[in-house]
Amino acid sequence: MSNIKEAFEKGKAFIPFITCGDPSLDVTEQLVYAMEKSGADVIELGIPFSDPTAEGPVIQEANIRALSGGVTTDKIFDMVVKIRKNTKIPMVFMTYANVVFSYGIDRFMKKAKEVGMNGLILPDVPFEEKEEFATVARNYDLDFISLIAPTSHERIKTIAKDAEGFVYCVSSLGVTGVRSEITTDIGAMVSLVKEVSDIPAAVGFGISTPEQARNMAEKSDGVIVGSAIVKLCAQYGKDCVPYVADYVASMKNAIR
Amino acid sequence: MSNGRFGIHGGQYIPETLMNAVIELEEAYNHYKNDPEFNKELTDLYNNYANRPSRLYYAKHMTEDLGGAKVYLKREDLNHTGAHKINNCLGQVLLAKKMGKTRVIAETGAGQHGVATATVAALMGMECEVFMGEEDTRRQALNVYRMKLLGAKVHPVTSGTATLKDAVSETMREWTNRIDDTHYVLGSVMGPHPFPTIVRDYQAIISREIKQQMMEAEGRLPDAVLACVGGGSNAIGSFYHFIEDENVRLIGCEAAGRGVNTKDTAATIATGKIGIFHGMKSYFCQDEYGQIAPVYSISAGLDYPGIGPEHAMLYDSGRAEYVSITDDEAVNAFEYLSKTEGIIPAIESSHAIAHALKIVPKMEKDKIVVITVSGRGDKDVAAIARYRGENINE
């Protein structure tokens, strides 16, 4: 069993997302340690991309801040090397196809494995295109995380059968970002996954409050939160670590 | 490998949320493309609404002045709304209507595709929203007002470089937000499958007509076909039916901006490398880490960091050639055609004219060149005046 899947064995998982290099790679490193301490089970590290078409304004702006600060894929790999000296928490990259493709798919996966990553999420690589990336990821023991959406319907079973690590259940239509309410029948989506696989399903997109987290965790195996955390990074900059730590603790407590 | 490949290019690199929408679109397209009713309706719209077939005009003065090959102009600028964009919009909006959609969204660069979409939406009683880079809403203010006049809502896009690529990103985001009643009328031969195929098929009428008109006028095929390339829709439309005729040179003219050796360029084939963006694998201007480059051209319609996947394939196979034309060369050609033939071409199309000015004088007199004038230049007059240091109000 991959250590990502294992992270779901201890109860409902909390999976925070941060954009690497926002506001700096040093702060990103500190955030990883602080979020682990606050109860995070898996951490999503965003490699910034100039044109993130699946993101709302909050994460788009974080990408721009990080890139203008001079962050590159190689600098992020170096940061992960440092992080891995201090923690074993499962970590996955979340980025866009071109970041991986331009680095060289094999070179990227090999490096990701070497520095100690456990998987990756590419929101612009759907089931039909995943082979190009997933085959290589598998060669290096990295979980290629699949997404399902409220519009997936009959595709859910096909995707889930072939999924690794966990299934990323997109809660709502549209792009990432905080939402006041989530109207999708998450329970129905998760049941379709469970019909064909025992893989964990975690819900992301739009979740920001402990109440939403509790509600989503009741219907799934875990909760993913990005924009609400990235907002704190934007608001407090280099001083964001304690704020993010408190927030992650409150969210994790809500789903325990 | 997925559907919709052109060699290694193309594909469907989009969020899962949109997958069923493109699958549904492909099914509907395949159903209607052979439906006699649909085709009758579309042909009627092409002929009676859009003013097709567009003329193939023998440019006598230009031919005499250049002293080389015979020059013909394919007058897409004479279509209703003033550009080739209407060919695709009539097809796609009619298709969307058959699919039961009530709302269309579109990106636009120069505003020509936005205007064409807004026009057809008005004609067919559809709700229409257009996303346009804020920078472009300034460069093409007249087209913004034109779209509003046609009943469309225009959203200035402020993210990224606030130009065409950001307008495409924002329209894709909006589509993931509202899919059920909404069709995304993509304006070029780009994006995820089936868009590059659909748009090409609706634009292929250009080369179908050129072929027929050329046979009528000259009794033979041309030696070269020239068209400007941003995403590449008028170019693929001009090339498509000639791909099988290997003696016909196909030449795509990219926007070099201030030069391919400067940062201020949008020449994708000349300066880009293979990547994955906006739903497709193709050539893109990007840095070593795959970050998409902020491109530049005087022409808002060619100011895009990528090129359609079928062009990428035609380039790989050597079937089509791609050249780059600077702002300066395009502006000179803009003025040249205005003075020589009394035709003011769009600054986009002027890139193709500019290349003709280079190659036609070197060709034998018995050779024939066709240049597609993809759009009319009225929208560019104020910008060209500014380029020449004259300040005029639009």
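This is a predicted model: local features need pLDDT of at least 70, side-chain atom pairs count only at pLDDT 80 or more; totals for chains, interfaces and linings use all residues.
Chain A is built from 12 helices and 8 strands. Its radius of gyration is 16 Å, close to the 18 Å that the globule rule gives for 256 residues, so chain A is as compact as a globular protein of that length. Chain B has 16 helices and 14 strands. Here the radius of gyration is 19 Å, close to the 21 Å from the globule rule for 394 residues, so chain B is as compact as a globular protein of that length. The table sets out further values for each chain.

| Chain B | about 55 × 45 × 45 Å | 62% of 394 residues | 74% |

**Where chain A touches chain B**

The contact draws 32 residues from chain A and 28 residues from chain B. On the chain A side, helix H3 (57-68), helix H5 (97-103) and strand S5 (143-148) each give two or more residues. H5(A) provides the largest share, with 6 residues. By class, this side of chain A has 16 nonpolar, 11 polar and 5 charged residues.

In the contact between them, 39 residues of domain 1 of chain B meet 35 residues of domain 2 of chain B. Several elements supply at least two residues each to the domain 1 side, among them strand S2 (9-13), helix H6 (134-139), helix H8 (164-177) and helix H9 (195-203) of chain B. S2(B) gives the most, with 5 residues. The domain 1 side comprises 17 nonpolar, 18 polar and 4 charged residues.

**The nonpolar core**

The largest nonpolar core has 223 residues. Those with the most contacts inside it are Cys169(A), Val223(A), Val244(A) and Val71(B). Domain 1 and domain 2 of chain B both give residues to this core, so it lies between them. What does Val71(B) touch, leaving aside its neighbours within four places in sequence? Its contacts are Ala59(B), Met62(B), Thr63(B), Leu66(B), Ala356(B), Val360(B), Val369(B) and Ile371(B).

**Helix H5 of chain B**

Helix H5 of chain B covers residues 112-124. Its 13 residues reach 18 Å from first C-alpha to last, close to the 18 Å expected at 1.5 Å a residue. H5(B) also belongs to the elements that each supply at least two residues to the domain 1 side of the contact with domain 2 of chain B. Is H5(B) mostly covered or mostly open? It is mostly covered, with 10 of its 13 residues buried. The buried residues are Gln112(B), His113(B), Gly114(B), Val115(B), Ala116(B), Thr117(B), Ala118(B), Thr119(B), Val120(B) and Ala121(B). They pack against helix H4 (85-98), strand S5 (103-108), strand S6 (127-133) and helix H7 (141-149) of chain B. Just after H5(B), Gly125(B) takes a positive phi of about 70°.

In H13(B), the residues Pro309(B), Glu310(B), His311(B), Ala312(B), Leu314(B) and Tyr315(B) are buried. Gly318(B) follows H13(B) and has a positive phi, near 80°.

The loop between strand S12 (279-284) and helix H13 (309-317) of chain B holds Tyr296(B). Why does Tyr296(B) count as partly exposed? It has 19 C-beta neighbours inside 10 Å, and a residue needs 20 or more to be buried. Leaving aside its neighbours within four places in sequence, Tyr296(B) is in contact with Gly257(B), Asp264(B), Thr265(B), Ala266(B) and Asp303(B). Asp77(B) is 219 residues away from Tyr296(B) along the chain, and their C-alpha atoms are separated by 24 Å.

Technical notes. Residues are numbered from 1 along each chain as its sequence is written. Chains are lettered from A and ligands numbered from 1 in the order in which they are written. Two residues are in contact if their C-beta atoms, placed from the backbone, lie within 7 Å. Helices (H or I, at least four residues) and strands (E, at least two) are DSSP runs, numbered from the N terminus. Ala, Val, Leu, Ile, Met, Phe, Trp, Tyr, Cys and Pro count as nonpolar, Asp, Glu, Lys and Arg as charged, and the others, Gly among them, as polar. The expected span of a helix is 1.5 Å times one less than its number of residues. A residue is buried if 20 or more other C-beta atoms lie within 10 Å of its own, exposed if 12 or fewer, and partly exposed in between; C-beta atoms are placed from the backbone. The radius of gyration is taken over C-alpha atoms; the globule rule is 2.2 Å times the number of residues to the power 0.38. A nonpolar core is a set of buried Ala, Val, Leu, Ile, Met, Phe, Trp, Tyr and Cys residues joined through C-beta atoms within 7 Å. Domain bounds come from an automatic or database domain assignment.
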